[in-house]
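This report goes through selected features of the structure shown below.

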Amino acid sequence: MEALVASAVGIMTAAGIYLILRLRTFPVVLGMAMLSYAVNIFLFATGRLAVNLPPILGHAGAETAGYTDPIPQALVLTAIVISFGMTAVVVMLSLGAFIEAGNDRIDLGPEENKK
Amino acid sequence: MSPALIAALPFLGALLPGILIRTGRSNTAFAAGLTSGLALLGLLVHLPEVMRGEVVQAQFEWMPTLGLNANFMIDGLGMLFATLILGIGILIIIYARYYLTKADPAGQFYTYLLLFQGAMVGIVLSDNILLLLVFWELTSLSSFLLIGFWKHLPEGRQGARMALTVTGLGGLSMIAGMLILGHIAGSYDISVILTQKAAIQASPLYLPALILILGGAFTKSAQFPFHFWLPHAMAAPTPVSAYLHSATMVKAGLFLLARLWPVLSGTPEWFYIVATTGLITMLIGAKIAIFKDDLKALLAFSTVSHLGLITFLLGLGTKTAAVAAVFHIINHATFKAALFMSAGIVDHETHTRDLKRLGGLRHLMPVTATIATIAALSMAGIPLFNGFLSKELMLEEAAHTVWAGAAWFVPLIAVIAALFSAAYSFRFIVHGFFGPVRDDYPHKPHDPNFGMWLSPAFLVVLVVLIGLMPMTFAGPVVQMAADAVVGGGLHMHPIKHWHGVTPALIMSGIAVAGGIVLLLGFAPLKRMWEAAPRPEAKAIFDWIVARCACVATWITSGLHNGSMARYLMMFTLASIAVGVWAWSGGTQGPATREMLPITPVALVGWVMLVTATGCVVAFHHNRFLALVLISIVGLIVSICFIYLSAPDLALTQISVEIVTAVLMLLALNFLPKTTKIESSRLKLSFDAVLAIAGGLGIGALIYALMLRDFAFETMSVYHLANSYNLGGGDNVVNVILVDFRGYDTYGEVTVLGIAALVIFALTEALLNGTASKKLIAWRPDMERGGDKHPLMLLVATRVLLPIALLVGVFIFLRGHNLPGGGFIAGLVVAIALVMQYMASGFAWTQARQKVYYHVLIACGVLAAGITGAGAWFNGMPFLTSDFGYFKLPGLEKFELATAAGFDLGVFLGVVGSVLLALGGLSRLARRAAVLDEEKGAHIVAEKPEAREVAAVSSVAYPEGTPLPRRWLKARGEGQ
C-alpha cells in the first residue's frame, strides 16, 4: 500500500512540476492543482497509513487497533480549503491579465520587462 | 510619573496635531507644547530622588525569551538628557509656531517633532539595549521626516536621504555591537551590563563590540569621517536644525558613549579610537566652519567641532574629563540652540543667511543681535559665559594628556581647534551684526515679534547665569549626571573662573587672541581656502550611492528578467539540489513498519490515478480535456482519503473538487481553449528530466517516511486522549480544528475571506477599468449550447436546494462527533447555491439573494472571534472552549459546545468566500454576455390560482418568458 501511495505522490509531483514549467497560465494553474494534491497526500501520509481506523472515538472495532493520526488530517483539511482560495486568486489574476493584455503568457517580453 | 509614561507621552501627543490642525496653528502648537510640558513635569517630579542618586525604574516584560523587555529607568544621565530634550523641545515648539509660514503644513511638523521627541526620550530612558535600539532607529526615521520636511526642496530631500543612510547604517552596526555586548554580559538590561566591566573588557569580543558600537555612535554624532551628513541636514527648517543639532539627534551618540562609559572606557583601545576621533573632528569641523558663508552651515560645522570636543573628553576616560564632558553638553545645548534660532530669525527677516550679504544688523535688530552676540561669545570661550568654563576644563584635560608618548600633540591640536572656534564665533558676530548698515538686504529687516525671540532669549539668560554662577545653576545637575556617567562615587571639584595662571588659561588666551588675528586677516585666507583643492563629501557620497545602485540594478535585472517560467525552474532546481545535498549528508535508519497489503481495489484506484495524471500531462494542450482528467485525479484522491481512514478529508476534497471545477470552467469561458506547443524539444526534455527528478525525490522521501515509526511520541496521543474530555467531541479532527488548534483555523478562515475579497477587488478593477470595454466587445470563441436554462436542470436544482441545505445543516451539526463540521457544511451549502446560479443564471439568482457575501465573510470571522473572546469572560485564554450536556423534555440528552459557535463562523466564512470568489468570475462573464438572459430562468408554476390570466402581468414576467400556452390563448396571442 505504502509503495502505491508513494509512487502516486511521486508521479503527481512530477506531473505538477512539468506543468508549472509551461509558458501559459492555464497549464501552470493545473500544475499547481496537481502539486496541491501531491503535497496534501504527502502531509497526510506523514501520519502513516491505516485502514479502517478513522479518528472518531468510539468507532466500532477501534478499541483494539487504536486510531490513525488525526493531526495531519486536520492540517490537510484546512490546506485543501486554502488551496481552493489560492487557486481562485491565481485564476482571477491570470484571467485579468489575459483580458488586459490579450495573451495568457506567464513571462514578460523583454520590452515589457523594461517598463 | 512612570518613566514609561514619560517616554510614551510624546508619541500619544503626536496624534493631537492631526486632529487639532483644523482649529488653527496656535492650538496645535499649544497641544504639542502641553504634551511636552506634561512629560517634563512628570520627569522633574523625580528630580529630588535622582539627585540623591536613586534610580527610578519601570519594567514590563515584552519578549522575555529574547531578553527584550520594556524596561525604563531615570538615572542622573537620563534625567539630564530628558530634561534637555523636553525643555528645548518646548522652546522649539514655541519658536516654530512663529517661524513656519501659513503655507507650511504645521500639523505634520508638530507630529513629526513629537514623534522624534518621543524616540529621543525613549533612548535616554531605556534600561534595555534592545529597547534602546528600537528607539534609536525611530530617531533615524523621524529625523528623516523632519529634515526632509520641505519636500519641494531637492536639498531637503537629498539631505534627509543622506542623514538616513549614514545614521541608518551606523544603527545597523550598533545593533551588531549591542548584541555582542549583551552576549558577553549575559543580559540586555543596561543596569546589569554596567556591572560587568571586568568581564566585558576581558572578553576577546570586546574590540569588535567596541568598534561596532562606536560605528553607531560616531555616525549619529557626526564624528569624522561621518561628519558630512550634518551640514547637509541643514536644509531642514531652522527649528528642526536647532532641535536636532543642539540638544537631541547628534547628542544621542554622545549619550550612548556616556551611557556605556563605565564598561567600555579606560582601555587603550577606547582612548586611541574615541579621543583621537574626537580631536580630529574638533579640528576639522572648526577649520571648515571659519570659511562657510552660510550662517547655518557655519553653525553646523561648529556643531561638528563641539561634538568632537565632547567625544574627545569622553575618550580620555578620566573622571574629571567626564565631568567636563557633561558640563559642555549642557553649555553647548544652551548656546547652540540660541544661535540656530537667531540664525533662523535673521533668515526669516532678511531672507538670506549669506554672511557676505549681511552686516550691520545690530542697528536694525538690536534684540536678535544681543542674543546672538552673547551666545556666540559663549561659543568662542570668552570669560563670564558658560562656554568659557567648559572649554577651560577641556583645555586643562588636554594639557595633561600624553598621546603615544608625545606630550605636545594633544595640547597643540586642542589650542588650534579652540583658536579656530574663537575665529568663527567672532566672524559670526562681526560679519553678521557689526559693520555699517547696508541698503541691499533682500528684505528690510527688523526685530521679530516677541514669540520668536522668547525661546533664544530664555536660553541666553541661562548662558549668562551658568557663566556667572556655575555652581549654583549647573553644579548640582553636573554632579548628578556625571556621577551616573562614571558609575557613582564621584567627588566633583567646584567649577569656577579663576584658578590662577594655569596652562589652560594661557591656552585660552592664545586661542582668543589668535581668533581675533585670524579674523583680521580673513580676506586673504578666504582666497587661499577657495583656491585650495579639497574633497567634496557629497560628491563622494553620491558616487558611492550611485555605484551601489548600479550593482543592485545589475543583480536585480540579472536575476529578475520577467520570465516566471525561469523563476519556477530555478526554484525547482534549487529545491532538488537542497534535497540531494540533504540526502547525501544524512543517514537512514532501518525500516521499522510492515507494509500494508495491497488490495485489488487500491490497485485499480492507483492505475486510474496514474493514467489520469499521465493523460493530464499528455493532453494538457486541450484544456477542457485536461480539466476533465484532473477532476478524475481529484476524485480518486478523495476515495484514497476515505480508504485510508480520513472521512473528513474525503468529504472536503470532493466538495472542493466541485467548486474548483466550476471555477476553472468559468475561467475557460474567456481563456483560449488550447495551449500551443511553444518550447523546443530540448527544453521539453529538460523540463521532463527536472520533473522526474523532483517526483522521484518526493516519492522516495514519503516512502522512506511511511516505512518508519515516529521518532518521538506525537502530539496526537494527547489529542486522542483528551478530545472527548476537554473538547467534548468524538471527531478528533474536528475538535482539533475548532478547539485544540482553533487559532490556526481562525487565521485560515480569515485568509480565505481575504482571498475572496482580493478576487472581488480584482473583479471591480476589471469591470471599471479599460478591460470593461474589451469585455463588452467580447465574442465567444466557441459555439454556445442551445438552451441556456434547460428545464430539467432548472426544476432539479430548485427541488434539490432545500434538500441540499438540509444536508448542509446536518453535516454541520454532526461535525463535532462524526465526519463533518463547518468547513464541509460550508462547501456543501455553497455548492447548493452555485447550482442555482448555474441553472437559473447569475442575474436571476442574485436578485433573490438577500445577503451580500461580504457580509457573510465578516459575520463568519466575527462569529469565530466573538466565540473565542467569550472565553475571557470565563477567565480563560482566547479560544478556550466549553461544553455541557442538556436535557430538554421530549428530546434525548444533547450536547452544546461553544466550539459550535466557532464552527458556525467557519461555516459562514467558507460559504461567503466560495460564493464571492465564483460570483466575481460570473460577473465578468455577465458583462461579456449578451444581455437579457434572465427570461429563461422563470418557471411558471401551474398552480390553480395561477390560472387566473388577469393576474399575469408583464411586470411579473419579463418580455419573452415562455408562458403556458393556455394563458397565451386566453390573451389571444397564441396560435
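Is Cys550(B) buried, partly exposed or exposed? Cys550(B) counts as partly exposed because its relative accessibility is 45%; buried means under 20% relative accessible area, exposed over 50%, and partly exposed in between, with a 1.4 Å probe and protein chains only.

This is a predicted model, in which local features need pLDDT of at least 70 and side-chain atom pairs count only at pLDDT 80 or more, while totals for chains, interfaces and linings use all residues. Residues are numbered from 1 along each chain as its sequence is written, chains are lettered from A and ligands numbered from 1 in the order in which they are written, and side-chain values use heavy atoms, with hydrogens and water left out.

## Cysteines

Over all chains, a search of the whole structure finds zero disulfides, a disulfide being a pair of cysteine sulfur atoms within 2.5 Å. For Cys550(B), the closest cysteine sulfur is that of Cys548(B), at 9.7 Å, which is too far for a bond. Cys859(B) counts as partly exposed, at 35% relative accessibility.

## Chain A

Chain A has five helices and zero strands, and its elements run α-α-α-α-α from the N terminus on. Helices (H or I, at least four residues) and strands (E, at least two) are DSSP runs, numbered from the N terminus. Of the 115 residues in chain A, 66% are buried. Taking contacts in chain A between residues at least 6 apart in sequence, 53% join residues at least 24 apart; contact means heavy atoms within 4.5 Å. The chain exposes about 3,800 Å², of which carbon and sulfur atoms supply 65%. Such areas come from the Shrake-Rupley method with a 1.4 Å probe, and for residues only the protein chains shown count as cover.

## Salt bridges

The structure holds 18 salt bridges over all chains, where a salt bridge is a side-chain nitrogen of Lys or Arg within 4 Å of a carboxyl oxygen of Asp or Glu.

| Asp293(B) | Arg427(B) | 2.6 Å |

Asp293(B) is buried at 12% relative accessibility, and Arg427(B) is buried with a relative accessible area of 2%.

Asp294(B) lies in the loop between H16 and H17 of chain B and Arg353(B) in the loop between helix H18 (319–350) and helix H19 (361–364) of chain B, so the pair ties together parts that are 59 residues apart in sequence. Both ends count as partly exposed, Asp294(B) at 26% relative accessibility and Arg353(B) with a relative accessible area of 22%.

Asp542(B) and Lys538(B), by contrast, both lie in helix H28 (residues 537–559) of chain B, four residues apart, about one turn of the helix. Asp542(B) is partly exposed, with a relative accessible area of 34%.

A network of salt bridges links Arg24(A), Asp104(A), Arg105(A), Arg623(B) and Glu678(B).

Which side chain of opposite charge is nearest to Glu392(B), a buried residue with no salt bridge? That side chain is Lys391(B), 9.8 Å away; Lys and Arg count as positive and Asp and Glu as negative, while His and the chain ends are not counted. Glu392(B) is found in helix H21 (residues 386–399) of chain B. Leaving aside neighbours within four places in sequence, Glu392(B) is in contact with Ala504(B), Leu505(B) and Ser508(B).

## Nonpolar patch

Met1(B), Leu5(B), Leu12(B), Leu38(B), Leu41(B) and Val45(B) form a nonpolar surface patch with about 530 Å² of accessible area together. Patches are made of residues with over 30% relative accessible area and no salt bridge; like charges are joined within 9 Å and nonpolar side chains (Val, Leu, Ile, Met, Phe, Trp, Tyr) within 5 Å. Helix H1 (3–13) and helix H3 (25–44) of chain B each supply at least two residues of the patch. Leu5(B), in helix H1 of chain B, counts as partly exposed at 40% relative accessibility.

## Backbone

The peptide bond from Phe224(B) to Pro225(B) is cis, with omega near 5°. Pro225(B) lies in the loop between helix H11 (206–220) and helix H12 (229–232) of chain B. Ala222(B) also has its place in the loop between H11 and H12 of chain B; although not a glycine, Ala222(B) has a positive phi of about 55°, and it is buried with a relative accessible area of 0%.

Asn52(A), not a glycine either, has a positive phi of about 60°. Asn52(A) sits in the loop between helix H2 (25–45) and helix H3 (62–65) of chain A and is exposed, with a relative accessible area of 59%.
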